[in-house]
Amino acid sequence: MTLNGRRLRPSHRLSPGDMLEVTVPEPQPLNLEPDPIVLAIVYEDDHLLVVNKPRGMVTHPGPGNPRGTLVNALLAHCPLPGINGTMRPGIVHRLDKGTTGLLVVAKSQEAYDTLAADMRARRVKRQYLALVGGTPKESPGLIDAPVGRHPVNRKKMAVVETGRRAVSRYEVLESYKGFSLVRVQLETGRTHQVRVHMASIGHPVASDPTYGGRKAPCLEGPGLHAERLGFCHPVTEQDMEFLAPPPPDFQMALERLRAGA
């Protein structure tokens with residue numbers, strides 16, 4: 001970056017009429033490498049597949065995560081030629097790194113376009129199990145609060161007036177000492193929606209340090225699992241629904257809490 005033809009020092013204060021010139025580097029080619037990672041494939045046909053994502057796996061490559069992602073593993077499993085662009089081939093929706101559970105991947109552009117449209121129209125059923133701190137007094141409950149980028153910490157999301165509308169329905173399934181098991185149904189799909197919404201009502205997801213979740217026994221990450229996924233097949237138009245039990249550490253945490261730990 002230069003100022004009036006000269007190199008700009010970071011401490012310099014701009015004045016009216018200053019001419020800044022910025023050189024934007026050429027975009028680097030994106031070469032996604034297949035990684036032979038074993039995937040827990042729940043369903044697969046010529047048009048799509050449904051995967052049970054493990055804890056700790058990033059959905060698609062990004063800064064700091066060029067390899068070992070779900071996309072890298074998918075590329076080793078089947079060709080995904082440019083579906084939804086080169087960065088997120090086939091990815092219709094994503095789960096956070098620490099969140100486990102079901103997501104659908106398109107194997108053709110036709111399947112992607114239809115599934116993405118169904119997501120936007122709220123025709124895809126996404127249901128989560130969440131282990132949260134405390135027990136919500138209202139059950140079943142509705143959280144209708146806009147979610148957007150946190151005004152101070154840009155790596156977090158928050159309930160903010162300028163955010164996009166976000167709607168979650170929840171019900172308490174079990175209560176324990178200091179925690180409860182909650183089922184959450186998403187009507188919208190905002191980034192970190194379940195984590196932000198539950199924290200906003202004073203019951204953050206357990207073992208989620210980003211949003212203040214209290215540490216739960218046995219949990220190796222946030223107590224959040226995408227347990228149920230339902231949609232209309234984009235080609236056959238058959239109604240499909242899938243259910244995946246929570247991972248072992250989540251189940252161990254529930255056992256400990258049921259035993260009064």
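Visitor: Which residue's side chain meets arginine 123 in a salt bridge?

Guide: A salt bridge needs a side-chain nitrogen of Lys or Arg within 4 Å of a carboxyl oxygen of Asp or Glu. Arginine 123 has such a contact, N to O, at 2.7 Å. The partner is aspartate 118.

Visitor: What model is this, and how are residues numbered?

Guide: This is a predicted model, where local features need pLDDT of at least 70, side-chain atom pairs count only at pLDDT 80 or more, and totals for chains, interfaces and linings use all residues. Side-chain values use heavy atoms, leaving out hydrogens and water, and residues are numbered along each chain as its sequence is written, from 1.

Visitor: Is aspartate 118 buried or exposed?

Guide: Buried means under 20% relative accessible area, exposed over 50%, and partly exposed in between (1.4 Å probe, protein chains only). Arginine 123, at 52%, is exposed. Aspartate 118 has 10%, so the label is buried.

Visitor: Where does glutamate 227, the partner of arginine 183, lie?

Guide: The closest N and O atoms of this salt bridge are 2.7 Å apart. The pair links distant parts of the chain, 44 residues apart. Strands (E) are DSSP runs of at least two residues, helices (H or I) of at least four, numbered from the N terminus. Arginine 183 is in strand E12, and glutamate 227 is in strand E13.

Visitor: What is the relative accessibility of glutamate 227?

Guide: Arginine 183 counts as partly exposed, at 25%. Glutamate 227 counts as buried, at 5%.

Visitor: How many salt bridges does the count give?

Guide: Arg94, Asp96, Arg195 and Asp208 are linked in a network of them. The count comes to 12.
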